[in-house]
Amino acid sequence: MSASDTASGAPSGAAAAGRGLDQISPEGAAGVRFRGVTKAFGANVVLRDLDLDVAPAERVVVIGPSGSGKTTILRTTMTLERPDSGTIEIGGRHLYHEESDGRLRPAREKHIREVRSDVGMVFQHFNLFPHLTALENVMLAPMKVHGKSREEARDRGMYLLDTVGLAHAANQTPGQLSGGQKQRVAIARSCACEPKVMLFDEVTSALDPELVGEVLSVLRDIAALGTTTMLLVTHEMGFASEIADRVLMFDDGQVIEQGPPDQVLGDPRHERTKAFLGAVRSH
Amino acid sequence: MGATRTRQAPEAPDPAAVFRPHRRWYRRPGVVVPVALVVIGYALLAGAVQEPGSYAPEVYPDGDLRFDWNFFVYLVPMMLTGLLVTAKATLWGFAAALVLGFLLALGRRSRRAWVRWPVTAGIEFVRSTPLLVQLFFWQASVRAVDWIALQPLEILTLGLGIHYATYCSEAYRAGINSVPAGQWEAATSLSLGPVTTWTRVIIPQAVPNVLPALGNYLVAAFKDAPMGFIVNVHGLLFFANSIRDTAFRPVEPYLLAGLGFLLVSIPAAWAVRLLEKRISYERI
């Protein structure tokens with residue numbers, strides 16, 4: 001899908017930015033640092049000694065063939081998978097390790113939970129809580145994790161749902177929403193935690209084509225603010241070149257090429273990047 | 001829906017399902033320990049057996065097999081008293097089973113092997129032995145300990161509670177496993193704590209799946225409750241037996257006892273089915 005396609009059918013768009021999406025992440029952004037991260041599932045090595053630096057508020061798009069491990073980058077950052085070796089830092093704090101006497105030791109669960117609370121993730125299949133309404137989905141974490149009162153959480157939840165253009169659907173359950181609406185609720189839910197790093201795992205891949213635009217439009221709003229670090233795995237090349245500061249081409253557990261979107265997507269140097277982009281564009 | 005991509009990451013982050021390389025059977029604790037236990041068990045039994053012993057069943061007189069309507073009506077209040085006792089044991093026992101079963105299900109899912117193993121072994125042990133034997137066991141155990149004085153009804157409640165706790169725990173486990181991995185991941189991505197994750201995300205989704213199974217177990221527990229007769233609980237079966245033995249009339253008391261069970265079982269089964277229907281309606 002090209003950039004011009006995604007610009008249409010956007011329910012919130014610039015109007016949402018005008019309503020002050022900047023309140024979403026008042027705390028600012030945090031950088032991410034991978035050092036020598038390796039992860040294997042059985043004999044299948046999906047991250048090979050990966051070094052990766054993402055600056056605060058940087059917007060990085062990860063592309064690459066299916067099974068290349070790009071999703072695992074996000075999942076290890078969210079602690080959904082534990083790396084086999086290596087270290088990950090979020091905002092200068094080790095995620096899986098604690099320092100004592102100048103040495104790194106495996107962190108306790110409490111430490112991991114604390115560091116992880118700076119990170120939010122939006123999933124390919126939304127993963128909304130089906131037994132809760134859209135508003136309750138958004139309110140749950142602020143109330144239970146961040147100690148907000150019910151009124152506070154409701155006001156904020158309604159504000160966020162309004163921002164993604166779904167104030168009217170606040171009392172509907174996910175089963176009553178379309179895929180695009182579900183994904184927008186999921187993004188609002190993630191924003192409610194005010195994460196310093198937001199991870200987006202192929203968030204439009206499970207959507208019908210005509211619903212992709214509305215979700216990308218919300219992502220564009222968040223990117224335009226520049227107040228949160230964004231790490232996106234996507235197959236929307238037009239969208240990637242539009243919002244990314246940097247594009248990583250990922251294959252076989254490693255970054256094989258990276259640079260500004262114009263360069264990586266427009267003038268790829270690596271053979272496998274060329275082949276991958278050719279395959280993506282030809283279909 | 002658009003193309004769903006396969007990803008290399010396993011879908012279910014079950015803490016128990018850690019990747020392990022292939023090992024020969026004699027190097028797997030999961031094979032060796034149960035086999036050893038079975039062998040030791042048989043050895044102990046073989047060593048303990050002295051001689052078969054003699055068993056002579058008592059012969060009861062046939063009694064009067066004609067049906068006497070007046071006697072039947074006369075017995076109804078006694079039957080209801082027995083029914084009440086049986087129902088009481090069932091309800092208390094099952095209430096205990098619901099709570100204990102959940103704890104067992106959590107224990108069986110524990111990340112710590114020293115919790116998971118004993119709990120799993122205990123569940124399997126209780127599930128694969130008859131309730132009748134367990135009731136005798138509890139009765140003997142209680143008698144053996146001086147500072148515990150349990151009434152027959154309490155022994156039955158204890159036995160039913162523990163027996164059905166293991167069944168409930170398996171139902172809970174199935175219900176918990178039926179919650180998609182994505183729900184756990186969403187809870188992690190929102191940094192929900194374990195308590196919130198369980199009470200707000202997992203249990204509300206797991207319990208509707210489990211309710212029909214739990215309902216069936218409740219009915220089954222009620223039908224097992226008359227076994228309390230062997231530890232002297234004055235329930236439905238005890239009522240029927242004692243009338244037979246004193247009045248020498250078996251027809252009326254047993255008909256009444258059967259009626260008493262029907263009175264409870266049929267509405268209960270019906271309620272369970274209704275519940276099932278209602279849940280499947282709500283879960284679109």
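Reply: Helix α3 (residues 70-77) of chain A lies across β1, β2 and β4 (85-90) of chain A, and its direction makes about 115 degrees with that of β1(A). The model is a predicted one, in which local features need pLDDT of at least 70 and side-chain atom pairs count only at pLDDT 80 or more, whereas totals for chains, interfaces and linings use all residues. Residues are numbered from 1 along each chain as its sequence is written, with chains lettered from A and ligands numbered from 1 in the order in which they are written. Helices (H or I, at least four residues) and strands (E, at least two) are DSSP runs, numbered from the N terminus. Axes are lines fitted to C-alpha atoms, for helices over the stretch in contact, and angles run from 0 to 180 degrees between N-to-C directions. Contact requires that the C-beta atoms of two residues, placed from the backbone, lie within 7 Å.

The sheet under discussion is open and has four strands in the order β2-β1-β4-β5 (chain A), with antiparallel pairing; two strands pair if DSSP finds at least two bridges between them. At its edges stand β2 (44-54) and β5 (93-94) of chain A, each with a single partner strand, so one side of each lacks a neighbour in the sheet. Strand β1 (residues 32-41) of chain A is joined to β2(A) by seven bridges, the two running antiparallel. A:Val32 has A:Val54 of β2(A) as its bridge partner.

Another open sheet of chain A contains six strands, ordered β8-β9-β10-β3-β11-β12, and its pairing is mixed. Here β8 (119-122) and β12 (254-259) of chain A are the edge strands; each has a single partner strand, so one side of each is left without a neighbour in the sheet. From one strand to the next, the twist averages 20 degrees. Within this sheet, β9 (residues 197-201) and β10 (residues 229-233) of chain A run parallel and are joined by five bridges, with A:Phe200 opposite A:Leu232 in β10(A). Helix α7 (residues 179-191) of chain A packs on the sheet by touching β8 and β9 of chain A, and its direction makes about 175 degrees with that of β8(A).

Leaving aside residues up to four places away in sequence, A:Phe200 touches A:Val122, A:Leu219, A:Met230, A:Leu232 and A:Val233. A:Phe200 is also among the residues that touch the most other members of the largest nonpolar core, which has 84 residues; A:Val138 and A:Leu199 are others. Such a core is a set of buried Ala, Val, Leu, Ile, Met, Phe, Trp, Tyr and Cys residues joined through C-beta atoms within 7 Å. Buried means that 20 or more other C-beta atoms lie within 10 Å of a residue's own, exposed that 12 or fewer do, and partly exposed in between, with C-beta atoms placed from the backbone. Helix α8 (residues 209-225) of chain A gives the largest share of this core, eight residues.

A:Val138 belongs to the buried part of α5(A). Helix α5 (residues 134-144) of chain A is mostly covered, eight of its eleven residues being buried. Their cover includes α6 (150-163) and α7 of chain A together with α7 of chain B.
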